[in-house]
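I opened this notebook to keep track of what I looked up, step by step, for someone who has not seen the structure before.

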Amino acid sequence: MKQYFKVDEWKIIEEGFDPHYNKVAESVFSLGNGRMGQRANFEEAYSGETLQGNYVAGVYYPDKTRVGWWKNGYPEYFAKVLNAANWIGIDVWIGEEQLDLAKCEVLSFRRELNMKEGYLKRNFTAKTDSGKGVEVESIRFCSMVDDECGAIKYTIAPLNFEGEITLTPFIDGDIVNKDSNYDEKFWDEVSKAIDADNGYVQLRTKKTGFEVATAMKFSIEQDGKPVSIHSNPIQKEKYIAAEVKLQAKQGQCITLTKYAANLSSQNHPAAELASLSADVLTLIASKGFDTMLAEQAAAWSEKWKHNDIIIEGDAAAQQGIRFNIFQLNQTYTGEDDRLNIGPKGFTGEKYGGSTYWDTEAYCVPFYLATADQKVARNLLLYRYKQLGKAIDNAKLLGFKDGAALYPMVTMDGTECHNEWEITFEEIHRNGAIAFAIFNYVRYTGDETYLTDYGLEVLIAISRFWAQRVNWSAERQQYVMLGVTGPNEYENNVNNNWYTSTIAVWCLKYTIQAIGKVKEANQAKYNDLVAKITFKEEQECEKFADIIGKMYFAHDDKLGIFLQQDGYMDKEQTLVKDLPATERPLVQKWSWDRILRSVFIKQADVLQGLYFFEDNYDIDTIRRNYDFYEPRTVHESSLSPCVHAILAAKLGDVERAYQFYLRTSRLDIDDYNNDTDDGCHITSMAGTWMAVVEGFGGMRVKDGTLSFNPLLPAEWGALSFQIGFRGILLNIRISREGVTVKNLSDTEMNIKIYGTDYLIDANSENLIKSKLAN
Ligand code: BGC
């Protein structure tokens, strides 16, 4: 863990330039608006270590799979969100020397991500080899209002010379993904044009045929006055630029304002992209940078009204949660049901920008409480629409009769993952998709979703479980062999408790849902039965048989669920005994050593206890937590948040606080040494859960919100907003008690520490109660 960035409640600040930390900073300072996003690369050239990254949501390419040893059932392609045209570029030459912070002497440097208003600002002074000093400020953002656009204001002033400065704003589409399997470039050029102060490049993805026009328009001011632009147009393959030479005077600022647009054929006819992008640019340029920036601040202020979490008295914790909420909102706005949330969002290439179980297990709860109900519904519909492909995917592996196995990693429903122990065995993902349906219905009360879409998915997933288990004559029970649980530091194990638990839960929930749908709308149920040839009696009988006779690994002496058969045969060492120099294990140990060790990558049994806590008494949860937590290395970003929630439930507020810091500051402090290739976006939703479900103790029970708050000693108070069935609540937890503000016109019942309260419409209520800690 490093503490490289400055602590500030609303900003991330980097003071001074450390080139070794540049890739981490590029990730942390990333920008996005749901439609597009980018890493915090520099506008001017940079020949030092950098990961250049610009992304357009939903535009992907199926890269041919590359594996050392092909196995039947592997997918042929891995769909990747593409690294797209660079629209931020502005080459800067000072006389004959290029401005490049890897080559100049950096005299001062400050980078700041303003999360309140949604922009990135960079200030530096630098000296070239020949001793020419310049001062630069750049401000840029991806607009939340004009969501296909971004803008940059780049100001440069000579410190100690007069002479020529050349500014060359450009669009560069000649980009290759760093993770391209065969070093292939994924974009072809369609067309391009460059004029004095504007231009565009239109590209088409190979195979998938998505087209994206990336366009720019710019203006220049010198000493506060507009400069008429006489530029030298430059064109290369997939590249356009306009070179402008200016006579700079000491102390006089030159400001280049660059407007950019990224229009995709997903949203517009391909043939019109170039002209539409020119229209969009005319529109935003006529608004002007300052107006756009003011609109950006207003849009973010609106977001924060619904999403902000306020932690009083602990700036590092406050910064952490705001950073997480900020990045989540930059990644996914929920307006487009074709989009989803890649584990790295728009901050890097890792994980291909595709959809994982992270969405259902971690992100759905965040969006349920902080956005309109349709956002979580859109995330569910995304999977509903891919059901056919999930059935094909299961067929490929030998399953039949409408059994569905959702992919581990996907863009359009096709499996992309290609490591057998995950692709074929990490099947618990299917359970998370079913759980999200349950969670959505529990939270919103919208049972029509089950009738219209949910049940069809549940039956297909249950059919998979019914075929995936097998009867063990030896045990006279059903077993589930050859699986990988959430803990990927164990592969090909038998009877992973979490997987078996979620499978059986899913079978039970499917039977329940069948009852509900039949009662709600028999005609629609009959249609579904016909559509999927569902043999209710026979199939439900099988489901029930598995429910009754499933084997779960258990250690009677310790009174714990066993992560899998044979777990106790391992040498029972603990994380506290691991030298710091050997961590993270994934970077320091051989894979073989990891597999044989007791160490757990991420919550596994504990993930199950978190999902299904109502099925277990508190002592059972405690015993399992006390056993598994000391063996967990949290080398998946998805792990600390679940531990934080369980620690809070068990009343261990200090441990919960430590886990909270770890999850919320995971990227800011680069805990796992891996932020350089992108931020852990999906786990950020887990951070939100750690606050609201952990310290807030929020649960939904029988259609009612309940809270069991705790407050870490370091915090004066904690407040957050919750949207629930059309009502917006503000909850503030302090040592005086819990203040509940109902910001809606409808009254509402809630429970605090088990007591019922009626919260009037538009009211503020201080419920004096001792905190549980
Ligand atoms: C975790 C998975 C997760 C994936 C993407 C992996 O490291 O083990 O559970 O789905 O990252 O976040």
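This is a predicted model: local features need pLDDT of at least 70, side-chain atom pairs count only at pLDDT 80 or more; totals for chains, interfaces and linings use all residues.

Entry 1: I then turned to the UniProt record, an unreviewed entry, which lists "domain: Glycoside hydrolase family 65 N-terminal" for residues 13-265. Over residues 13-265 I found 55% strand and 3% helix, with the end C-alpha atoms 37 Å apart.

The next feature I looked up, again from the unreviewed UniProt entry, is "domain: Glycoside hydrolase family 65 central catalytic", placed at residues 322-689. For residues 322-689 I wrote down 54% helix and 3% strand, and the end C-alpha atoms of this span lie 13 Å apart.

The unreviewed UniProt entry also gives "domain: Glycoside hydrolase family 65 C-terminal" at residues 698-757. In residues 698-757 I read 62% strand and 0% helix, and the end C-alpha atoms are 15 Å apart.

Entry 2: Where does the ligand sit? I found the ligand in the largest pocket. The residues that surround the ligand are P343, Y351, Y356, W357, D358, E488, K601, Q602, S636 and L638. When I sorted this shell by residue class, it divided into five nonpolar, two polar and three charged residues.

I then went through the side chains for N or O atoms that approach an oxygen atom of the ligand. For D358, the distance from a side-chain N or O atom to an oxygen atom of the ligand is 2.5 Å, and for K601 the corresponding distance is 2.8 Å. Y351 also has a side-chain N or O atom, 3.4 Å from an oxygen atom of the ligand.

**Entry 3: two points in the backbone.** I kept in mind that most peptide bonds are trans, and that most residues other than glycine have a negative phi. Which two residues does a cis peptide bond join? I found that the cis bond joins R583 and P584, with omega at about -5°. P584 belongs to the loop between β24 (560-561) and α14 (585-588).

I located N495 in the loop that runs between β22 (477-479) and α11 (497-520).

Methods. Residues are numbered from 1 along each chain as its sequence is written. Side-chain values use heavy atoms; hydrogens and water are left out. A residue is near a molecule or strand if one of its heavy atoms lies within 4 Å of it. A polar contact is a pair of N or O atoms within 3.5 Å; within protein, one must be able to donate a hydrogen and the other to accept it, and residues adjacent in sequence count only if both atoms are side-chain atoms. On a 1 Å grid over the protein atoms alone, a cavity is a set of points where a 1.4 Å probe fits but cannot get out, and a pocket is an open set with protein on both sides within 12 Å along at least five of seven lines; lining residues have an atom within 4 Å of a point. A molecule sits in a cavity or pocket if more than half of its atoms lie within 2 Å of its grid points. Ala, Val, Leu, Ile, Met, Phe, Trp, Tyr, Cys and Pro count as nonpolar, Asp, Glu, Lys and Arg as charged, and the others, Gly among them, as polar. UniProt positions are given in the numbering used here, feature names are shortened, and annotations may be inferred rather than shown by experiment. Helices (H or I, at least four residues) and strands (E, at least two) are DSSP runs, numbered from the N terminus.
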